[in-house]
Amino acid sequence: MLYFSARPSSRTFRPWRARLAGRIYTFQGPGGGFIAERGGTPGLRVNERIRAREVRVVDEAGNQLGVMTLFDAMKAARDAGLDVVEISPNAVPPVCKLVDYGKFQYEASKKAHEAKKHQKSSHIKEVKFRPSTAEHDFQVRKNQIIRFLSEGYKVKAMIFHRGREMAHQDVGRKKMDRLLKEIMDHVQVEFGPRMEANILLALLAPKKGAGSTPSAQPAQKNAEGQA
């Protein structure tokens, strides 16, 4: 029969519990052994937090170990120095995997990071200019484009024409050509520049092996000047 103890009264348990950083409860099985529960990611059940009495168990290599009671699964995990992690809670019975929980969390975090990186590449930032954009504002927007590209985003550079500016589209095109020339070390032009209604636009993507970021460029120029 299992019974739970959040705070063992005997002093003999304290050193053993002190070595289990981040774990919450202990319980004692028929043989007198204790199994600890790790605090985990919300929504992910580990060890004693698993509610099912029976689970389908898979080992680290993905081999099926069959259906067994939760206690037997945790005993097998404890003998191997692993944890029981519920990976498919909606299955009948739920599917659990015997893994090192710390390693499992690291790999999950790595996959999430890769997915986020891929999401960045599909997200497009927009930076807007006017044919009459002043020099200081031009430089600010140019550096903003370089920063977005260095962070993995695609950028849509757009020059808006209003009223009489449509009669002098060559001014906006010269500004776009200048922009593309000054950021050529950081950018790969996917399409454009082309006119769509009153907007001259170009879609820019990060260039593989791009150069330094805007913050590093002034320091590099100062070093060259001193040399």
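In this predicted model, strand β10 (187-196) pairs with strand β11 (residues 199-206) in the antiparallel sense, over seven bridges. Strands are DSSP runs of E with at least two residues, helices are runs of H or I with at least four, and both are numbered from the N terminus; two strands pair if DSSP finds at least two bridges between them. Within this pairing, Glu196 stands opposite Ile199 in β11.

The two strands belong to an open sheet of four, with the order β8-β9-β11-β10 and mixed pairing. Because β8 (124-129) and β10 each have a single partner strand, they stand at the edges, and one side of each is left without a neighbour in the sheet. The twist averages 20° from one strand to the next.

Angles run from 0 to 180 degrees between N-to-C directions, with axes fitted to C-alpha atoms, for helices over the stretch in contact.

| Helix | Strands touched | Angle of directions |
|---|---|---|
| α4 (residues 135-150) | β8, β9 (154-160), β10, β11 | about 170° with β8 |
| α5 (residues 169-182) | β8, β9, β10, β11 | about 175° with β10 |

Elsewhere, Asn47 lies in the loop between β3 (34-38) and β4 (54-58). Asn47 is buried, with a relative accessible area of 3% (buried: under 20%, 1.4 Å probe, protein chains only). Its side chain makes a polar contact with the side chain of Asp83 at 3.2 Å; such a contact is a pair of N or O atoms within 3.5 Å, one able to donate a hydrogen and the other to accept it.

Residues are numbered from 1 along each chain as its sequence is written. Local features need pLDDT of at least 70 and side-chain atom pairs count only at pLDDT 80 or more, while side-chain values use heavy atoms, with hydrogens and water left out.

Note on methods. Contact means heavy atoms within 4.5 Å. Buried means under 20% relative accessible area, exposed over 50%, partly exposed in between (1.4 Å probe, protein chains only).
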